[in-house]
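Below is a short exchange on how some labels for this model are reached. Each answer sets a value beside its definition.

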Amino acid sequence: MKEIRVCAGGACIASGAFSVRDALLKELKEKGLDGQYKIVETGCMGMCSRGPFMVVDGVVYAKLNERAVKEIVDSHLVGGKVVEKYLMALPEGQKVKEAFKEHPFFSRQVKIVTRNLGKIDPKSIDDYIDRGGYKALEKVLKEMKPQDVIEEIKNSGLRGRGGAGFPTGLKWEFAAKQKSDRKFVVCNADEGDPGAFMDRAVLEGDPHSVLEGMAIAAYAIGAQQGYIYVRAEYPLAIERLTVAIDQARRRGFLGKNILGTDFSFDIQIRIGAGAFVCGEETALMASIMGERGQPRVRPPYPVEKGLWGYPTVINNVETLANIAWIINNGWREFRKYGTEKSPGTKVFALAGKINNTGLVEVPLGITLRELIYDIGGGIPGGKKLKAVQTGGPSGGVIPADKIDTPIDYESLTALGTIMGSGGIIVLDEDDCMVDVAKFFLEFTVHESCGKCTPCREGTRAMYEILDRISKGEGTMEDIDALEELAVVVKETSLCGLGQTAPNPVLTTLRYFREEYEIHVKEKRCPAKKCRDLISYVIDPKACTGCTACKIVCPTGAIEGELNKLHYIHQDLCIKCGSCMDVCRFDAVFKVSPPIKEDEKVQSS
Amino acid sequence: MRVTIDGKEYTFDRPMTVLEAAKSVGVYIPTLCYHPAVESIGACRMCVVEIEGSPKLHTACTTMIRDGMVIKTNTERVQRARRVNTELLLSVHPNDCMTCDANGHCALQDLAYKFQIKESRWGTRLRNLPIDDSHPLILRDLNKCIQCQLCVRVCDEIQQMSIYSMVNRGAESLPQPDMTDKLGESDCVSCGACATICPVGAIVEKPSIGKARWWEVKKVKTTCPYCGVGCQLDVYYDPHKNEIVRIYASEENPEINDGVLTCVKGKFGYEFVTSPDRLKKPLIRKGDKFVEATWEEALDYAAEGILRVKEKYGPDAIGVLSSAKCTNEENYLMQKLARAVIGTNNVDHCARLCHASTVTGLAMTLGSAAMSNNLSDILKANVIFIIGANPTENHPVYGARIKRAVRKYGAKLIVADPRKIELAKMADIHLQHRPGTDTALISAMMKVIIDEKLYDEDFIKQRTKGFEELAQSLKDLDIDWAAEVTGVPKDLIVKAARMYATAERAAILYAMGITQHANGTMNVAALADLAMMTGNFGKEGTGVNPLRGQNNVQGACDMGALPNVFPGYQKVEDENVRKRFEEFWGVPLPPKAGMALTDMFMHPEKIKAMIIMAENPAVSDPNSKHVEEFLAGLEFYVSMDLFMNESNRFAHVILPAASAFEKDGTFTNTERRIVRVRKVLEPMGDSKPDWWIIKELSKRLGYEMEYSHPSEIMEEIRKITPIYAGVTYERIEKKGLQWPVKDLEHPGTPILHKDRFNFPDGKGRFIPIDIKLPPELPDEEYPFYLTTGRMLYHFHTGTMTRRVKGINKIVPKSYMEISPEDAEKLGIRDGDVVKVTSRRGSIYIHARVSDRMQKGVVFIPFHFAESRANILTGDILDPKARIPSFKVAAVKIEKAEGVTEVQPPEYVKKVLQDQ
């Protein structure tokens with residue numbers, strides 16, 4: 001039986017993967033092919049902007065719907081002829097059949113963490129085992145001592161993929177050295193950065209790789225119990241983990257006397273309750289123990305005093321998904337990728353103003369330019385790259401002139417941002433840096449647990465200043481005060497959330513201070529983004545009087561008769577932008593600084 | 001460890017935080033969320049310092065010092081961080097210091113002043129929350145909260161109530177009680193620790209509001225006048241108005257009250273001191289009335305009356321009641337007055353009613369009648385066995401520590417109590433036995449231990465004698481029978497026995513549920529047997545530990561305010577001892593032991609006159625009707641007291657005494673610790689300290705006593721009392737000393753019986769078991785068990801706590817607890833008035849239907865004069881200890897038709913009405 005793989009990652013499900021699957025089943029049955037093909041629902045294939053995907057005989061079909069499925073079954077499966085129009089196109093426009101090999105989005109990737117994504121059915125432990133799953137666990141249990149495992153991981157140079165980049169092997173070694181008859185392994189699956197979804201993809205697409213990594217970690221440090229702390233917003237991940245844990249127990253990969261050895265280890269799922277700060281390891285532990293999810297001072301570190309006071313290793317999903325691969329292939333193989341200090345790969349979530357939105361796994365040390373242009377396909381609409389934001393609300397922006405910087409932990413830190421969990425948001429000329437900082441600050445204000453003064457009050461005060469500046473009400477003193485406050489919040493906050501919350505402010509100030517000053521001095525937003533500093537106006541030369549904008553305007557701010565020039569009343573306009581979106585003649589445009597009701601503005 | 005702080009090198013010999021290190025060498029680091037009593041959480045970030053070699057700023061409260069560490073506490077970077085964070089806090093804090101009760105005592109105000117911040121640079125974001133006025137004693141204005149979580153932590157870690165948690169997150173996160181934003185609706189036990197610890201004015205003591213600014217008050221440290229825990233208090237008072245403004249726990253004595261904790265009585269129960277009812281002038285009875293007199297007149301009158309009776313009937317016709325409420329010095333003088341001046345050993349005090357059986361039971365087994373261990377080492381116990389004690393209500397500060405031992409340090413808890421008291425709810429095993437079946441229960445446990453050979457053979461061999469006899473006495477004990485009699489399932493008895501016996505360190509705590517029985521001595525001896533056979537002596541977290549009910553019961557006993565012993569438990573009937581005292585006091589002394597107070601009251605034909613200091617036997621003693629008759633029939637009755645009460649209305653002369661807040665002296669707490677009582681206020685009106693009154697009376701009875709200060713009395717005590725031989729006021733100034741203190745160099749004795757018991761051969765004595773059931777059991781006519789005791793908010797006969805407004809708002813009325821089953825059967829609803837009758841009398845009281853009660857048992861606290869529990873209790877006595885059987889009486893209960901309210905005494909009503 002041949003396989004047809006359908007992507008059932010979160011994004012593809014959202015864009016109709018299941019109706020594609022159902023249509024496929026129906027068509028196969030109608031054509032009498034249901035005995036010849038087996039449909040495999042896989043995890044995320046990566047290029048989420050083009051889903052749903054389907055792979056037949058190595059041919060990758062994208063952007064599918066029910067009609068497309070019918071055509072493909074008719075033409076490809078029955079007639080043996082590839083349906084060109086559903087293939088993916090190279091940036092130059094040429095269509096390719098085997099996109100995974102031919103399209104640079106895929107071909108430039110190195111798949112270690114995501115090795116099974118798009119290839120196996122995440123609900124099937126057999127699929128995982130068929131691709132070498134649980135071999136590494138068997139190997140460590142039967143051939144290696146715990147110390148050997150730790151050495152292997154230490155040699156690999158693997159660093160924590162949750163963002164801080166602490167050497168994983170070293171963390172395990174600390175925990176292993178603790179004398180305690182109870183120890184824990186925790187998988188941090190509380191992925192919360194806006195725009196980051198790599199952990200989710202791994203949990204949904206290859207849950208066993210995480211379980212295997214945890215079991216190996218447990219063996220290495222001598223733990224008996226594991227927890228996966230996963231956010232409630234990931235129901236599919238929870239469902240697939242639950243299935244996977246159950247399967248692993250039944251096959252003897254979890255539970256008592258694993259694979260007939262003396263080693264026993266089991267895993268439970270703990271579901272978060274919607275607090276971003278619970279991704280911070282000490283808050284996460286508090287939450288697992290049923291306490292209020294607020295961080296505590298370190299030291300003691302979790303490896304010394306973790307859950308209920310016992311040594312606890314906390315690793316991120318992506319970190320754990322690397323483990324089995326390293327054991328199977330050896331640390332030397334792992335070190336072939338990446339840089340000396342940051343070996344291996346990293347999964348990035350590409351979002352923002354970029355053509356190929358999605359998930360990519362690339363060797364560390366790759367430049368932002370390669371990531372954005374070669375893999376990401378560049379900026380849509382021929383716009384200019386302005387900056388790249390990495391690391392979510394904890395990270396900062398890197399200006400366009402620094403995109404030849406290699407991506408590794410140290411280089412990003414030197415630029416004032418962080419690797420973080422791997423979110424990459426591409427910003428173009430339409431993005432305002434004050435607005436970007438304000439967006440992330442709004443997030444941290446909302447997510448601050450409230451325990452320490454600088455994070456609780458300081459982020460709010462920073463937000464207020466940014467808000468003032470974005471409204472044209474800021475002063476030059478505000479900019480200096482903002483910087484002072486940002487430094488103090490960074491220096492004195494208790495946990496990583498507060499310590500990194502000022503990064504969006506500090507980096508935008510560092511690279512785009514002029515833009516702040518324009519907001520203050522000229523009451524103008526150069527990117528025409530800040531609502532209070534812009535006006536929507538109609539270009540008399542371009543307006544055809546089609547009334548589309550008048551119809552869509554929610555406040556009745558647009559006046560004009562059919563076929564006659566339309567006019568926006570500034571005192572009524574709420575700057576929602578609907579008129580601009582709906583205008584087919586590009587007659588609506590923005591100006592900054594804003595104009596008054598009776599002011600006339602010349603078309604640009 | 002050598003550590004450099006701001007350029008100076010210091011050496012420290014133990015691990016500590018940077019903050020502690022800096023503080024100890026006088027380097028100031030500001031803090032807001034730090035308090036030594038609770039774990040540091042580094043939340044306010046005010047204590048940040050620079051540490052050389054680290055790029056970050058570190059919180060001094062959570063960073064431990066290391067050898068070679070170089071700390072900078074005062075750099076520009078540090079100052080900027082502190083300043084900005086202070087400004088941030090001020091941006092949400094209302095600038096209303098003018099009327100704030102914390103003004104002058106506010107950590108935030110201090111920082112604002114230090115940095116000279118008039119206005120925050122970071123805007124104003126006031127919360128505009130309603131003030132939580134729901135609690136009668138504690139006011140919360142969360143608009144002022146700086147979110148330091150100290151209230152949350154102290155309630156959770158120290159008081160162990162966990163009333164507060166931070167609710168919501170970010171700027172909205174505020175400390176709120178469970179499921180409500182009103183403290184008055186929560187399970188709060190009103191200890192006020194949150195108000196004590198709050199560094200700003202967000203949580204304050206309601207009775208203190210508007211009384212005085214912080215700079216108008218002075219502070220005196222003293223010992224709490226309520227229970228035997230002996231909490232050390234910082235009393236803030238206004239010297240101009242001569243009144244107490246507020247009370248905090250002293251930070252100096254964490255070993256007693258954790259440096260922060262009080263109970264509701266210790267924190268708020270001081271208003272009685274300035275009550276308008278205080279006796280301010282001596283009173284002499286003229287017919288039916290009392291007439292004010294001068295001290296000269298009253299003292300002369302008192303002396304003449306006593307001498308008259310003495311001449312007529314001899315010295316043994318006079319009874320002297322000393323008091324566990326008074327100081328050691330006063331108790332010493334009082335027994336000296338009886339013995340050396342009047343010439344009788346008829347001196348006793350209320351220990352007779354609480355721990356007389358402890359004195360007898362422990363003296364015969366261990367040789368020393370006191371708590372073997374101390375209040376702090378309970379945290380080291382692996383198993384805690386509490387029987388007949390309700391510490392979370394009656395010794396609340398210690399009760400909280402027991403909860404901490406269980407919740408934080410993982411001790412297993414066994415509670416034996418007829419009621420499902422608070423600790424029973426968190427116990428591993430609750431043995432809910434029938435009142436009065438304690439010996440049966442303890443014996444059954446011993447039987448299991450012997451049968452299963454769980455005893456400590458080495459200990460028994462090396463340190464005790466009489467085990468064979470004990471085993472013999474238990475040989476025929478049938479555990480099934482014991483289960484039947486006690487009403488406790490056999491498997492629970494077995495489980496408890498094993499849990500206790502197999503623990504490495506097991507502590508027994510008990511109180512009046514054990515002692516106040518006609519077989520109280522046996523109960524106590526049985527507990528000593530149990531602890532000895534399992535080797536639970538001489539180590540931390542073990543022992544037999546009676547919890548003393550009154551502030552100075554231990555001291556009053558130590559001082560020999562007992563009919564058979566001189567100070568230091570030296571026997572009156574021992575000729576050598578008596579000789580020493582005769583020489584020391586310079587008079588011949590009566591050779592025979594005197595009468596116990598319970599015996600005095602039963603023999604009106606023998607006792608014709610009484611001197612009663614600070615006691616209210618008409619409410620506190622059993623069969624009160626009978627006591628009243630006795631008092632009314634006395635030929636002469638001298639009372640020394642703060643108030644008129646149910647007893648001294650029969651007196652012939654009342655001498656107004658100063659309260660514990662108005663005099664100097666010492667108390668000895670339940671762990672044998674002698675601690676200072678210090679004068680805070682000038683005595684109200686013409687009232688005088690009891691030691692002065694006794695001294696003056698003595699002079700008029702023909703014996704000069706010359707003391708100008710209680711410290712001189714302690715010097716005398718020290719010379720004649722071996723266990724107090726090393727006690728001087730200088731030595732006990734800060735921490736006190738635990739007796740025995742054998743000489744001026746001796747450091748005191750935290751744990752008794754370490755290597756030997758207090759007998760000449762050093763061996764503990766097992767006492768064979770003789771199981772006796774209570775003399776009065778329920779029958780057809782009186783079908784209910786009545787058991788009596790205390791409750792959290794009130795104390796003894798209510799003369800103190802019922803004069804505190806806020807406390808009376810919480811518990812204004814008397815009540816009887818009854819099980820829901822019994823209540824339903826009798827058609828009684830919560831709040832109904834019932835008539836309770838025993839063979840001795842009847843009372844009316846409000847019913848409180850409570851699932852704490854087992855079927856067939858009712859409980860009445862004895863604090864309420866309008867519903868006097870002791871009208872019902874009997875006066876059958878323990879043959880050795882002469883303690884009455886307060887804990888078991890048979891009663892019948894009827895719904896009181898037509899009565900809807902039992903009115904409290906007038907003075908309580910007045911307290912409640914006062915604005």
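**A loop residue and a pocket**

A:Asn356 sits in the loop between strand S11 (345–352) and strand S12 (358–363) of chain A; strands are DSSP runs of E with at least two residues, helices runs of H or I with at least four, numbered from the N terminus. This is a predicted model, in which local features need pLDDT of at least 70 and side-chain atom pairs count only at pLDDT 80 or more, while totals for chains, interfaces and linings use all residues. Residues are numbered from 1 along each chain as its sequence is written, chains are lettered from A in the order in which they are written, and side-chain values use heavy atoms, without hydrogens and water.

Q: Why does A:Asn356 count as buried?
A: Buried means under 20% relative accessible area (1.4 Å probe, protein chains only). A:Asn356 has 5% relative accessibility, so A:Asn356 counts as buried.

Q: What makes the pairing of the side chains of A:Asn356 and A:Arg50 a polar contact?
A: A polar contact is a pair of N or O atoms within 3.5 Å, one able to donate a hydrogen and the other to accept it. The two side chains make such a contact at 3.1 Å.

Q: Which residues line the second largest pocket nearest its centre?
A: Lining residues have an atom within 4 Å of a pocket point. There are 36, with A:Glu291, A:Arg296, B:Glu39, B:Ile41 and B:Glu157 nearest the centre. H4(B) gives the largest share, 4 residues.

Terms used
On a 1 Å grid over the protein atoms alone, a cavity is a set of points where a 1.4 Å probe fits but cannot get out, and a pocket is an open set with protein on both sides within 12 Å along at least five of seven lines; lining residues have an atom within 4 Å of a point. Buried means under 20% relative accessible area, exposed over 50%, partly exposed in between (1.4 Å probe, protein chains only).
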